[in-house]
Amino acid sequence: MKALLAQLDVLPPGDAVFDLDNTLLVGDIGESALRRLLHRLPPRAASLLGTTDPWGAYEALAARDWCAAGDVAAQALAGLSPSELEALGTDVLDSGEVRLNPHTVELAQALSRRHRVWILTGSAELLGRVAARRMGIQHVVGMRLREEHGRLTEELVPPCTCGEGKVKATRQLISERPVFAIGDSPTDLPVLRLAAVARTLGKVSGREFPALET
């Protein structure tokens with residue numbers, strides 16, 4: 001990690017983009033939230049996942065199209081208020097089912113001394129903010145649902161924050177070219193290609209870009 005920090009220290013101050021699930025976190029906060037909501041899925045999510053084995057249907061969808069599965073996981077939050085969603089995210093983290101990754105959180109905190117650190121996640125932005133507070137990260141971009149009368153609806157607000165959508169979200173909301181990006185999934189590779197320096201871990205460790213050294 002020292003070599004990476006030295007490499008980034010010579011770059012002008014900029015934006016460092018971190019994936020959340022299985023990168024800054026060990027586990028997936030969006031999937032864990034979905035598990036807790038399978039008994040009360042809103043209409044669109046229920047129509048896609050069914051009622052016999054919704055988790056199995058979700059896993060099958062994720063295997064075919066990870067970004068479509070992320071959309072469903074976000075839409076499953078419809079009907080909750082922002083405060084209820086925050087409580088759900090807090091419960092997921094407090095349970096230990098999903099926990100902070102000390103190596104990547106340490107990297108984010110080190111980079112924050114020179115660069116703006118962002119979480120860019122395919123999970124719901126409100127869940128990302130719950131996790132971000134525990135890491136001392138202020139900036140979060142994720143899947144957003146339109147609110148109506150204090151409740152989340154099933155309508156996703158662009159831009160999508162998965163796959164190529166992460167590139168669009170970065171350019172619209174963060175910067176044209178981050179100084180750094182890191183992720184664990186094939187859907188993170190597009191935004192990693194956008195960054196000046198990139199690192200990988202998890203499923204794509206060493207794929208196209210160097211693996212993160214801890």
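Reply: Begin with the disulfide, which is a pair of cysteine sulfur atoms within 2.5 Å. A disulfide is a covalent bond between the sulfur atoms of two cysteines. This is a predicted model, in which local features need pLDDT of at least 70 and side-chain atom pairs count only at pLDDT 80 or more, while totals for chains, interfaces and linings use all residues. Residues are numbered from 1 along each chain as its sequence is written, and side-chain values use heavy atoms, with hydrogens and water left out.

Me: Which cysteines does a disulfide join here?

Reply: Cys67 and Cys162, with an S to S distance of 2.0 Å. The count by this rule is one disulfide. The torsion about the S-S bond of Cys67 and Cys162 is about -80°, so the disulfide is left-handed.

Me: Where in the chain do Cys67 and Cys162 lie?

Reply: Helices (H or I, at least four residues) and strands (E, at least two) are DSSP runs, numbered from the N terminus. Cys67 is in helix H6 (residues 66-75), and Cys162 is in the loop between strand S6 (151-157) and helix H10 (164-173). The two are 95 residues apart, so the pair links distant parts of the chain.

Me: Is Cys162 buried or exposed?

Reply: Buried means under 20% relative accessible area, exposed over 50%, and partly exposed in between (1.4 Å probe, protein chains only). Cys162 has 9% and is buried. Cys160 has 32% and counts as partly exposed.

Me: How do I read strands that pair?

Reply: Two strands pair if DSSP finds at least two bridges between them. Strand S7 (residues 180-183) and S8 run parallel and are joined by four bridges. Ala181 has Ala198 in S8 as its bridge partner. From S7 the chain crosses through helix H11 (residues 189-194) to S8, and this β-α-β crossover is right-handed. That term applies if, with the strands pointing away from the viewer, the path from the first strand over the helix to the second runs clockwise.

Me: Which way do the side chains of strand S8 point?

Reply: In a regular strand the side chains alternate between the two faces of the sheet. In strand S8 (residues 197-200), Val197 and Arg199 point one way, Ala198 and Thr200 the other way, and all are buried.
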